[in-house]
Amino acid sequence: MASSASAAALLPLPSPSCSSSEDSDDGKHLPSPPAPEANTPPTQQQKRRRLERDYNVAMKALALAGDLDEVVAVFAELKRTAADGGDGGAPPNVLCYNTLVNALAEAGREGEALKAFDEMLASGVAPNASSQNILIKMHARRSEFDLAWELIHKSGVEPDVGTYSTLIAGLCRAGKIVEAWGVLDWMLEKNCRPMVQTYTPIVQAYCRDGRIVEAKLLMAEMERLGCLPNVVTYNVLIRALCDDDKFDEVEQVLMESSTKDWKPSTVTYNIYMNGLCKKGKAKEALELLDVMLGEGLEPTAYTWSILLNCLCHSSRLLDAIYLLERSTELKWYAGVVAYNTVMSSLCEMGKWRGIMKLLTDMIKKGIEPNTRTFNILIRSLCVGGKSSLAKSLIHSQGFAANVVTYNILLHWFYYHGKLAEANRLISVMEEKNIAPDEVTYTIIIDGLCRERKFDAATACFLKSLTSGLSMDVLTVLLNRLVYADKIWEINRIFDGKDFVPDHHVFDLTIRTFCRAGYCHYRTFYKLNLILDAMLKRNSLCAHYTMEYQTVEDHALGNTQAHMSGSGVEMPIPLVKRNRMRRNRSRKRSRMKVARRTGANEGIQRWIGRSRGLTAASPPVHRHCHCCLLPTATAKAFYLSPSPPLLPFGASHSFAKVCTIEAKARNKPATHSPLPKPYSPTLPPCSLPQKHRFNVVHTQPTWTGATDVVFFAL
DNA sequence: GTAGGGTTAG
């Protein structure tokens, strides 16, 4: 059964009332113009339409080839043609504008994209759903979800399945799976039916997080809903399985493809071969070429690149070079990518002379090197100790240096302690208007920290926030600061007005401190200080209620409850603060006894009791130490007549939250919850670990209702 | 003929 047909047949949803993409297409629902008779010359309007279509196809092809300037030029020509023609200088239609805006946005020229969009509006051309989706995609890529949101609400264009899918894809790409589920809920509320393109990004987000079990569960759910996963969805899964070394499972997935109504494509094999190659199984990867050919699948440029990479990784560099040279005989056009692949391998081996030779070869063949080719050359020169030559190359004509080029050199200078050179290069970047990216900031921050210039590194991080928070950059800085015991600087990070720590930041901070040994009871106060600073000024206060305790707090019977900054206090039924305060001295002595006697079980029971738990509670409950709950969940538990002991630990708890939340909204749950979004398995608690924290990050549920960070003793 | 999910070199 075709997936779309089965989706339509089985999905228990009313027909979408929102506009579909076809609805919004230009003129699709207008009465069709009369078909020209065989000997009637085409009308002016038909000629115009044909012209626009031809220009649009050309623009799309140029955009695909990456020739943006040419796209812009062709569009300008179309406008000129219109102005010179006899149709009163009508502007290009919405499809042509969409192609232009999309091409510019995809190339990272967002400013120009927005300008083109404004020009379209000024010309009186009404945007359609696609125009909106292109802009949403652009905003989502820049993590400007508020702008995307505003656009949807203010544009007046009814969102369609493409709009929601774009938003979901953007959220997933930004790691915001919970929010993506929220959008899915929202589109269901609007009676807009999800497609395989809507679910696949979520599957991918799970896979990217290494949450393959959940990805597979979602795929099973898709099947159940009649929205069958297609080859793209399976490709996402296969990639994750490869990354996880689960090649047997890949084989099984491929074996089952015929019964599951999907057919592996060249991309599937490309992913599989690349996965094998990355895990050192280049031989097996090369063998797959025959399997692929046997299935009648033609290798693409990607395939050849992967194969070349496999050869390089299996110490068959000469074979790779041979393959490059013989590519024409193999009816394969070895382009710049293929050359770059082999040159990268030579670079890793420090063979810069070999790179120079291949560069000459490709130029002789008429293959034009691109920026990446030069970057490989620059890197190889640095590795080969020819950094001065590399530096001079960057200024030579015909070489379009990009941010990667500067990153390579910056890394080299910092690595060798040449701070003055690095600073000069940063100035050149500024002069040439080359914006630093995440990697630049990582290199600079790491370099400065290595020179023990922690203050400058922190300032650099705060500056990086102007282009958005990068968890990678934060990870590097936090690691360095924590290991160097620079608590004041860490505090400064969380003082920045632009910085809004979310649960990922909390998680990272806690993990970093714990890994650096701050989980010991004597030093834990430092993490405590930082968490306090984070809580004081984070926007989570509006959405979250956080309550945490340290081991020592437990021992002393202190409970610090940090309540919502919005003034709405969320009662936490789990903590009986007053009773604890009354019994403080008794508990302190009990704790002392437990410690002295090494009665670990006693401590466990005590912690359990202090949290209103019974000895029969599953271990995960007794180990719980810190939790971060969205208000909605806290509310749900508060509303529940018989609240579960803790909002995590068993899947039925999640089901309960879902039901309660659905009831609160006076409507039935639209989905069946995905079972067991995580497995509550914790390492057994043993005495030597009593002062060590493990941070367990549970996964959000499908509703986005629960996202819990907690420590385990 | 526009948008919305997947693959290469770094």
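Leaving aside residues up to four places away in sequence, E298 touches T266 and M292, contact being defined as heavy atoms within 4.5 Å. The structure is a predicted model, in which local features need pLDDT of at least 70, side-chain atom pairs count only at pLDDT 80 or more, and totals for chains, interfaces and linings use all residues. Residues are numbered from 1 along each chain as its sequence is written, chains are lettered from A and ligands numbered from 1 in the order in which they are written, and side-chain values use heavy atoms, with hydrogens and water left out.

E298 is placed in the loop between α16 (282-294) and α17 (301-313); helices (H or I, at least four residues) and strands (E, at least two) are DSSP runs numbered from the N terminus. With a relative accessibility of 60%, E298 counts as exposed. The classes used are buried (under 20% relative accessible area), exposed (over 50%) and partly exposed (in between), with a 1.4 Å probe and protein chains only. T266, in contrast, is buried at 13% relative accessible area and belongs to helix α15. The C-alpha atoms of E298 and T266 are 6.8 Å apart in space, while the two residues are 32 apart in sequence. Beyond four places in sequence, T266 touches M292, L297, E298, P299, T300 and T303.

Two residues other than glycine have positive phi values. For S143, phi is near 60°; this residue lies in the loop between α7 and α8 (145-154) and is partly exposed, with a relative accessible area of 44%. For D261, phi is about 65°. D261 occupies the loop between α14 (247-255) and α15 (266-278) and is also partly exposed, at 41% relative accessible area.

Chain A as a whole contains 38 helices and five strands. Of its 713 residues, 49% count as buried. Among contacts in chain A with a separation of 6 or more, 63% are between residues 24 or more positions apart.

The largest nonpolar core has 167 residues, of which L167, L324, L410, I445, F461 and I490 touch the most other members. Such a core is a set of buried Ala, Val, Leu, Ile, Met, Phe, Trp, Tyr and Cys residues joined through side-chain atoms within 4.5 Å. I490 touches L478, L481, V482, F513 and I530, residues up to four places away in sequence not being counted.

The second largest pocket has a volume of about 1200 Å³. A pocket is an open set of points on a 1 Å grid over the protein atoms alone, where a 1.4 Å probe fits, with protein on both sides within 12 Å along at least five of seven lines; lining residues have an atom within 4 Å of a point. Grid points are joined across faces, edges and corners, and the volume is the space filled by probe spheres set on the points. The lining of this pocket comprises 32 residues, with A63, L64, A103, E106 and A107 nearest its centre. Two or more lining residues come from each of α3 (44-64), α4 (68-84), α5 (94-106), α7 (129-141) and α9 (161-173). By type, the lining has 11 nonpolar, 12 polar and nine charged residues, where Ala, Val, Leu, Ile, Met, Phe, Trp, Tyr, Cys and Pro count as nonpolar, Asp, Glu, Lys and Arg as charged, and the others, Gly among them, as polar.

Residues 230-264 are 63% helix and 0% strand, with end C-alpha atoms 9 Å apart. Residues 402-436 are 74% helix and 0% strand, and their end C-alpha atoms lie 10 Å apart.
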